[in-house]
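Morning, everyone. Let me put today's structure on the screen.

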Amino acid sequence: MAVSIEIIKQLRELTSASVSDCKAALDEAKGDIYTAAELLKKRGLEIAAKKASRAANQGRVEAYIHHGNKIGVLVEVNSETDFVARNEEFVRFTKDVAMQIAATDPRYLKKEDVGADVLADLNDKQKNDFFKVNCLLSQPFIKDDKLSIGEYLTCVVAKIGENIIVRRFCRFRLGEDEK
């Protein structure tokens, strides 16, 4: 089945995958754009899983100061090479993560950072809700709530082709004591 350029373009806008990956996914999905998008997402997860064990010692520290200078954020995001740290997609990701932290004030980076004592009195639904509010990588992305920050990270890893890690962050609010 021949796939039209318009459908390839639509899938590319939807997923940010390369033209050749979009064409291959559409060929495999017999022209169904939604099935092709799911295939690309699955491939992205597989790519990210393969990259996860690789060392990420480069990267950048991103600063974000919210309008009015009342909230500030520093976030360290690591990549495997300094070349990727200068990549436009990587820089956009770090800026988005810093803005996310300013907007949502997460207490933890990931679920594994939450102590058992904090979760002791919560049932499974309450734990999931707690993670979505308090764990950065579990939070819905403020620019696209269909995507969590962790899923956004996976998409960037798949697109760039290197392991990327949100290492740590710090959020300051004027007049607020440390937690």
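I'll start with the whole chain, then turn to two residues.

A word on the source. This is a predicted model, where local features need pLDDT of at least 70, side-chain atom pairs count only at pLDDT 80 or more, and totals for chains, interfaces and linings use all residues. Residues are numbered from 1 along each chain as its sequence is written, and side-chain values use heavy atoms, with hydrogens and water left out.

Now the chain. It has eight helices and five strands. Those are DSSP runs, numbered from the N terminus: helices are H or I with at least four residues, strands are E with at least two. The order from the N terminus is α-α-α-β-β-α-α-α-α-β-β-α-β.

Next, burial. The protein chain has 179 residues, and 39% of them count as buried. Buried means under 20% relative accessible area, exposed over 50%, partly exposed in between, with a 1.4 Å probe and protein chains only.

Contacts, meaning heavy atoms within 4.5 Å. Take those with a separation of 6 or more: 58% join residues 24 or more positions apart.

Now the backbone. Most residues other than glycine have a negative phi. Which residue has a phi near 55°? Lys 30, a positive value in a residue other than glycine. Lys 30 sits in the loop between α2 (19–28) and α3 (33–51). Lys 30 is exposed, at 66% relative accessible area.

Then Asp 105. Its phi is positive too, about 50°, and it is not a glycine. Where is Asp 105? In the loop between α5 (88–104) and α6 (116–119). Asp 105 is partly exposed, with a relative accessible area of 23%.
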